[in-house]
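Dear colleague,

Please find below the structure that I am handing over to you. My notes on it come after the sequence and the model.

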Amino acid sequence: MSEATPRAMHDLGGVSKFMCEAVDAEPHALNDFDRTVDAIRGILGGKKVMGVDELRRNIEAIPEADYLRLSYYQRWIRAITAHLLRQGVITEAELIAAMEDA
Amino acid sequence: MLASGTPVRVKLDWPETRGPCHIRTPHYLRGHQGVVVRHLGDFPNPEALAFRRPEQILPLYHVRFPMAGLWPDQHGNNTVLVELYESWLEAA
Amino acid sequence: MNILEAPSEKLLAGIRKLLAEKNIATEAEIAERIRITDEASPARGAAMVARAWTDPDYKALMLRDGTLAAEAMGVPMRGLPPLGVLENTAELHNLVVCTLCSCYPRAVLGYPPFWFKSAAYRARAVRDPRAMLVEFGTTIPDDMKLEVVDSTADYRWMVLPRRPAGTEGWSAEQLAALVHEGDMIGITVPRVK
């Protein structure tokens, strides 16, 4: 049935390979990285630099192997970075330099 | 505007196969029949917002589907209630 | 190499530095944003539920317009997605999921929990919800309807759970203490210990 559909990898409703997987109900408290990424997205949203749909679209563009390997907020920082580069808010050269300095 | 109780079908369409897109209609509903529960308001189309395209304002509906019609392995009286934009709905 | 494949911590450090330099997101703004976000917690939703259990007019408002009901309890909702409230009854149990991402009623429940964002939860909720709920310790009787609400679009949804028996005459504070995060998503139900 739906297994034959050309679904996108993030479109997870009813996907067979997860049906026998127990839900991990442990709390997994957020860390500073998580909170900071969350806050940056909120600020970019408030300033109309990046809307929530632009965040999602860029998360959805992450290759599946990376999507499944990365944590929730690791996906976000990758999506935020992709968006800021594409929109020209930052350049790749600036980012490389900033990453070396930081 | 679709009235409560109107039977509708989710379009059997796969924009995913035609290049980059952002879709808010889950794969498991495509081609399935449901019933409009209520109109939730009108909202800018996220499929356009995601790509900074000129946005259309679309009616958004809560649509109910029996889970038994969606999957082969169902037991129990289960339904799914989903927000769907009018652009994804056609007459059933 | 593709710069997007750089380690996440390095990406964040670089982005943070650039956004501060460009005055798009300063360190002070980030700190303030974290402070505001951390203020939202399930206690807000629990207070709404407890009031709905004791105040029929408030309950009617909550089911009609969750945003107004949240604002009536002092929760800032401006600029946020509309909040919808789903009522559990003797005949119907509601369960909220977001199969496409992680839409969650953050204004009234805080950050989404890990399980809500997990692939297993997102996959199973719309196909095998009763067995999944048993794993959370929640058995839905066979004769009770189960509605799974997939948050796909512009609303955020919370569940108004049923008031447990044995709580007659309790104060709103006592009642609110019974209500936990999962009860307002539908994976669990409030219980009197």
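The notes below cover the interfaces, the salt bridges and some details of the chains.

This is a predicted model, in which local features need pLDDT of at least 70, side-chain atom pairs count only at pLDDT 80 or more, and totals for chains, interfaces and linings use all residues. Residues are numbered from 1 along each chain as its sequence is written, chains are lettered from A and ligands numbered from 1 in the order in which they are written, and side-chain values use heavy atoms, with hydrogens and water left out.

Interface of chain C and chain A

In this contact (heavy atoms within 4.5 Å), chain C takes part with 51 residues and chain A with 55 residues. The two chains bury about 4,700 Å² between them, with 69% of it on carbon and sulfur atoms; buried area is the accessible area (1.4 Å probe) that two parts lose on being put together, summed over both. Five salt bridges are found across this interface, a salt bridge being a side-chain nitrogen of Lys or Arg within 4 Å of a carboxyl oxygen of Asp or Glu. There are also 15 residue pairs in polar contact, both residues at pLDDT 80 or more. A polar contact is a pair of N or O atoms within 3.5 Å; within protein, one must be able to donate a hydrogen and the other to accept it, and residues adjacent in sequence count only if both atoms are side-chain atoms. On the side of chain C that touches chain A, α1(C) gives the most, with twelve residues; helices (H or I, at least four residues) and strands (E, at least two) are DSSP runs, numbered from the N terminus. That side of chain C comprises 27 nonpolar, seven polar and 17 charged residues, where Ala, Val, Leu, Ile, Met, Phe, Trp, Tyr, Cys and Pro count as nonpolar, Asp, Glu, Lys and Arg as charged, and the others, Gly among them, as polar.

Interface of chain A and chain B

Here 21 residues from chain A meet 21 residues from chain B. The area buried is about 1,600 Å², of which carbon and sulfur atoms give 54%. The interface has one salt bridge, in which the side chains of A:E54 and B:R52 meet at 2.4 Å, N to O. Helix α2 (residues 52-60) of chain A gives the most to the side of chain A that touches chain B, with five residues.

Salt bridges

Over all chains the structure holds 22 salt bridges. One pair crosses between chains, from A:K47 in the loop between α1 and α2 of chain A to C:E29 in helix α2 of chain C. The closest N and O atoms of A:K47 and C:E29 are 2.7 Å apart. A:K47 is partly exposed, with a relative accessible area of 36%; buried means under 20% relative accessible area, exposed over 50%, and partly exposed in between (1.4 Å probe, protein chains only).

Within chain B, the side chains of B:E16 and B:R30 form a salt bridge (2.7 Å, N to O). Both residues lie in the loop between β1 (7-10) and β2 (33-44) of chain B, so the pair ties together parts that are 14 residues apart in sequence. B:E16 and B:R30 are both buried.

In chain A, a network of salt bridges links A:D66, A:R69 and A:R78.

Loop residue

A:K48 has a positive phi, near 60 degrees, in a residue other than glycine. A:K48 is exposed, at a relative accessible area of 71%.

With kind regards
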